[in-house]
Amino acid sequence: QVQLVESGGGLVQAGGSLRLSCVVSGTIGGVNAMGWYRQAPGKQRGLVADITSRGYTNYLDSVKGRFTISMDNAKNTVYLQMNSLQPEDTAVYYCNANVRLTWGPRNVWGQGTQVTVSS
């Protein structure tokens, strides 16, 4: 069974930094892309940043210049370095991966990790 294991969330003061990690566990043929989404209370889940296996990245406008997504293809792991965190970044952050299986691609979600930024 393919699962995503997230780590790195927590509580930080405004202006601080956190680094999220997400690793794919289970037998897969490879990773096409990975990304991070977030969901604040009362809001819909939305994309924060994603990255393809070739290194192409995409960011939410409000995090550009503050967050950096990267992927270690050999480890099937994606990272999200978050700097200059603001209270509006508070949310549950979810990892997503599009992986290659024997019978085709599959989209997988992590369980979520809480990020809380205090003012």
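How many salt bridges does the structure hold? This predicted model holds three.

**View 1. Arg38, Arg66 and Asp89 form a network of salt bridges.** The side chains of Asp89 and Arg38 meet at 3.0 Å, N to O. This pair links distant parts of the chain, 51 residues apart: Arg38 sits in strand E4, Asp89 in the loop between E8 and E9. Arg66 also bridges to Asp89, at 2.8 Å, N to O. Arg66 lies in the loop between strand E6 (57–59) and E7, so its pairing with Asp89 ties together parts 23 residues apart in sequence. Asp89 counts as buried because its relative accessibility is 1%. Arg38, at 14%, is buried too, and so is Arg66.

**View 2. Lys64 forms a salt bridge with Asp61.** The closest N and O atoms are 3.0 Å apart. Lys64 is partly exposed, at 49% relative accessibility. Asp61 reaches 61% and counts as exposed.

**View 3. The largest nonpolar core holds 33 residues.** Val24, Met34, Trp36, Leu80, Met82, Tyr93 and Val99 touch the most other members. Strands giving two or more residues include E3 (18–25), E4 (30–39) and E8 (77–82). E9 gives the largest share, six residues. Leu80 touches Trp36, Val48, Phe67, Ile69 and Tyr93, among others.

**View 4. Asn76 and Ser84 are loop residues with positive phi.** Asn76 lies between E7 and E8, with phi near 50°. Ser84 lies between E8 and E9, and its phi is also near 50°. Most residues other than glycine have a negative phi. Ser84 is partly exposed, at 36% relative accessibility.

Terms used:
Residues are numbered from 1 along each chain as its sequence is written. This is a predicted model: local features need pLDDT of at least 70, side-chain atom pairs count only at pLDDT 80 or more; totals for chains, interfaces and linings use all residues. Side-chain values use heavy atoms; hydrogens and water are left out. A nonpolar core is a set of buried Ala, Val, Leu, Ile, Met, Phe, Trp, Tyr and Cys residues joined through side-chain atoms within 4.5 Å. Buried means under 20% relative accessible area, exposed over 50%, partly exposed in between (1.4 Å probe, protein chains only). Helices (H or I, at least four residues) and strands (E, at least two) are DSSP runs, numbered from the N terminus. Contact means heavy atoms within 4.5 Å. A salt bridge is a side-chain nitrogen of Lys or Arg within 4 Å of a carboxyl oxygen of Asp or Glu. Lists of a residue's contacts leave out its neighbours within four places in sequence.
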